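Let's take a friendly walk through a structure together.

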Amino acid sequence: MLEINNLHVKLEEGEKVILKGMNLTVETGKVHAIMGPNGSGKSTMSYVLAGRPGYTVTAGSAKLQGQELLDMEPEARASAGLFLAFQYPVEIPGVGNMTFLRTALNAQRKARGDDELSAGEFLKLVRDKAKSLKIDAEMLKRPVNVGFSGGEKKRNEILQMAMLEPKMCILDETDSGLDVDAMRLVSEGVNALRSEGRSFLVITHYQRLLDHIQPDVVHIMADGRILHTGGPDLALEVEKNGYAEILAAHGLTEAK
Amino acid sequence: MAAKEEMVAARLAGLTAGPGLSGPRAAARARLAAMGLPGRRDEYWRWTDPAALNAVTPAPATAAAEDEAPLFDALDRLKIVFVDGVFDAAASDDLALSGVEIARIADKIPGWAEALYGTLEAAGQDPVKRPFAALNTAQATDGVLIRVTAAAAKPINLIYVHKSELSDPILHHLVQLEPGAELTLLETGPAGARFNKVMEVDLAAGARFHHIRAQGPDSERRAVTHVFARVAEKALFKSFTVTVNGALTRNEAVIDIIGNDAVAHVAGAALGDGATGAFLHDDTVFVTHAGLRCESRQVFKKVLKHGAIGTFQGKILVKPGAQKTDGYQISQSLLLDDDSQFLAKPELEIYADDVKCSHGSTTGAIDETALFYLRSRGVPEEEAKGLLVLSFLADAIDEIEDAGLKEEIVARLETWLSRHRD
């Protein structure tokens with residue numbers, strides 16, 4: 001599904017290099033988790049894949065189902081099936097959540113050559129999806145993320161995911177700022193979307209999210225690349241012992 | 001001094017005033033002669049060159065193609081149509097509406113209108129001079145005289161059609177709401193090549209007045225408009241203006257809150273794209289609080305691109321004794337490129353010690369994070385920018401209380417945005 005090869009990325013302004021030869025393959029239908037210390041480049045990787053401005057790719061490639069993502073505009077990547085759930089979902093006052101969802105969904109359908117959904121079709125779809133995610137109809141009427149609690153914002157991200165039906169979902173620290181109950185709700189939403197044709201890349205600092213969203217593969221990222229890859233047990237190991245051992249094995253220290 | 005008087009005389013020479021109202025017209029002519037026409041050196045005209053308004057004849061302005069359905073077309077409303085400032089009886093509805101008396105200056109002037117005509121304009125000349133308002137009072141050829149005695153059965157829509165390239169209409173409307181009366185007044189259309197309009201609004205105790213105006217879309221037109229409002233106890237005055245295009249638009253609002261517990265809101269959203277013609281939009285607002293516990297809000301937003309210019313001059317004056325005043329003023333611009341310009345002069349002048357007054361002014365660009373967020377969901381860049389423009393305008397648009405009217409205004413803005421993508 002997703003194939004990242006030797007990806008090197010620096011900040012557009014200045015010389016700071018963030019990704020230093022990142023390699024990662026996520027197979028179709030699998031859930032991969034990426035853990036790693038602060039500053040390891042996890043969020044940058046997710047932004048670069050989604051096409052956020054401000055970064056320069058100096059080498060490497062990132063392919064979604066064989067299509068080179070790095071040559072595409074952010075909106076084209078979305079239409080191709082990539083979805084990034086933001087760590088900090090953006091508030092957009094004055095734009096209703098429904099308008100936002102409908103604009104996004106129809107833009108993607110149009111880009112893929114499908115017919116746009118009528119107002120009625122859309123309304124039915126969004127109500128069904130919201131209900132299955134236990135999202136209040138009232139939340140749909142409010143402006144995008146404005147006045148939403150941390151949990152509501154993350155649930156809204158999952159609702160967008162459910163509506164847009166992407167093939168490759170990246171969750172950037174979706175657990176940050178969530179209490180235990182909110183995390184359970186969000187995780188249930190994600191789990192409901194797991195399917196044979198859909199892959200997930202879950203970026204997190206903590207094992208506890210992975211208790212809810214159980215990964216097939218766990219990667220440890222530091223210093224701009226994947227250092228170590230293992231099964232679900234790797235997350236438990238990190239939770240217990242920290243990153244020091246893994247970092248040391250690669251000649252890195254935690255302070256870095 | 002002589003030059004000033006000569007300029008005024010020359011400016012008036014080509015104009016033919018409408019019938020009647022000889023007293024107030026003469027008084028207005030005298031006011032104008034005393035103050036003269038404005039120049040760039042006048043404090044209130046530093047950012048807006050009045051030359052095109054001072055010129056004896058208007059610069060030609062092409063009427064825009066009518067390629068959109070008329071605004072508020074589906075709404076049950078009473079239409080009063082002016083074509084280049086001339087009343088169009090055939091296109092207008094009967095001037096009969098339950099709860100309302102409607103007349104026209106060019107037809108028959110009722111006693112109440114004789115008494116009101118020019119008085120709010122004259123009062124609004126102090127402390128800031130407004131020469132084009134005095135000129136209007138002196139020379140207006142026509143105007144609608146609306147006296148509301150109860151809740152008006154439906155909105156009244158003044159529709160201004162622009163056809164002639166050289167039209168120079170001068171209209172002067174009066175709106176008087178009796179105690180507890182209610183009216184929604186809509187104004188739509190470009191009116192002429194150069195439009196001078198004054199509206200005097202007199203709200204008695206407990207009256208409720210909603211004003212929604214759409215200016216545009218002609219690119220070459222020029223307009224100078226004034227709203228003078230007197231707001232009595234517990235009355236509500238709400239005015240919203242949306243402006244698209246226009247070589248020059250100067251909208252002045254002069255609002256006198258004279259009673260206690262009254263509310264006055266004035267808001268505007270202006271969108272200009274220098275690529276389709278020069279754009280200068282100027283909002284000049286003066287709100288005076290004389291009553292106790294009154295609330296005023298000024299919310300003005302401008303979206304500017306390709307060399308468009310927006311200006312805002314807004315003042316809140318709180319008179320001695322106007323305690324518990326709640327005054328708010330915000331003027332903001334969204335610059336869609338580096339070529340455009342926004343100038344703002346917010347002013348507060350407060351002579352009471354127990355008041356809450358705030359003002360703010362900001363200029364900014366599209367929020368890159370929000371733009372990326374929308375694009376990451378598949379919304380193409382230009383469409384995403386359009387959504388963010390509407391987001392920016394939301395506070396101003398929210399000043400329209402009626403959901404249906406708001407929806408129509410938003411749809412109009414969406415059309416404009418889709419036609420002005422880069």
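Predicted model: local features only at pLDDT ≥ 70, side-chain atom pairs only at ≥ 80, totals over all residues.

Where is the place of B:Pro127 in chain B? B:Pro127 sits in the loop that runs between helix H5 (119–123) and helix H6 (131–139) of chain B.

Chain B has another proline to visit. B:Gly216 and B:Pro217 are also joined by a cis peptide bond, and here omega is about 0°. B:Pro217 belongs to the loop between strand S10 (208–215) and strand S11 (222–231) of chain B.

Next, turn to B:Pro24, which is found in helix H2 (residues 22–35) of chain B. Which residues does B:Pro24 contact, once its neighbours within four places in sequence are left aside? They are B:Tyr117 and B:Thr137. Take B:Tyr117 as an example of how a chain folds back on itself: 93 residues separate B:Pro24 from B:Tyr117 in sequence, while their C-alpha atoms are 6.8 Å apart in space.

Let's move over to chain A and look at a pair of helices. Two packed helices can be described by the angle between their axes and by the distance between those axes. Helix H4 (residues 119–132) of chain A packs with helix H6 (residues 150–164) of chain A at an angle of about 130°, and the axes are 10 Å apart. H4(A) and H6(A) are therefore oblique to each other. The crossing of H4(A) with H6(A) is right-handed. Which residues meet there? From H4(A) come A:Phe122, A:Leu125, A:Val126, A:Lys129 and A:Ala130, and they meet A:Leu159, A:Ala162 and A:Met163 of H6(A). Sorted by class, this contact of H4(A) with H6(A) has seven nonpolar residues, one charged residue and no polar ones.

While you are in chain A, stop at A:Asp223, in the loop between strand S11 (217–222) and strand S12 (225–230) of chain A. Phi of A:Asp223 is near 55°, a positive value in a residue that is not glycine.

Finally, see how the chains come together. In the contact between them, 31 residues of chain A touch 17 residues of chain B. About 1900 Å² of area is buried between chain A and chain B, and carbon and sulfur atoms give 68% of it. How many salt bridges are counted between chain A and chain B? There are three. One salt bridge to find in your view links the side chains of B:Arg375 and A:Glu73, at 2.5 Å from N to O.

Key: Residues numbered from 1 in each chain as written. Chains lettered and ligands numbered in written order. Heavy atoms only, no water. Axes fitted to C-alpha atoms, helices over the stretch in contact; angles between N-to-C directions. Helix = DSSP H or I, 4+ residues; strand = E, 2+ residues; numbered from the N terminus. Parallel < 35°, antiparallel > 145°, perpendicular 65-115°, else oblique. Left-handed = near helix turned anticlockwise from the far one by under 90°. Contact = heavy atoms within 4.5 Å. Nonpolar A, V, L, I, M, F, W, Y, C, P; charged D, E, K, R; others polar. Buried area = accessible area lost by both parts, 1.4 Å probe. Salt bridge = Lys/Arg side-chain N within 4 Å of Asp/Glu carboxyl O.
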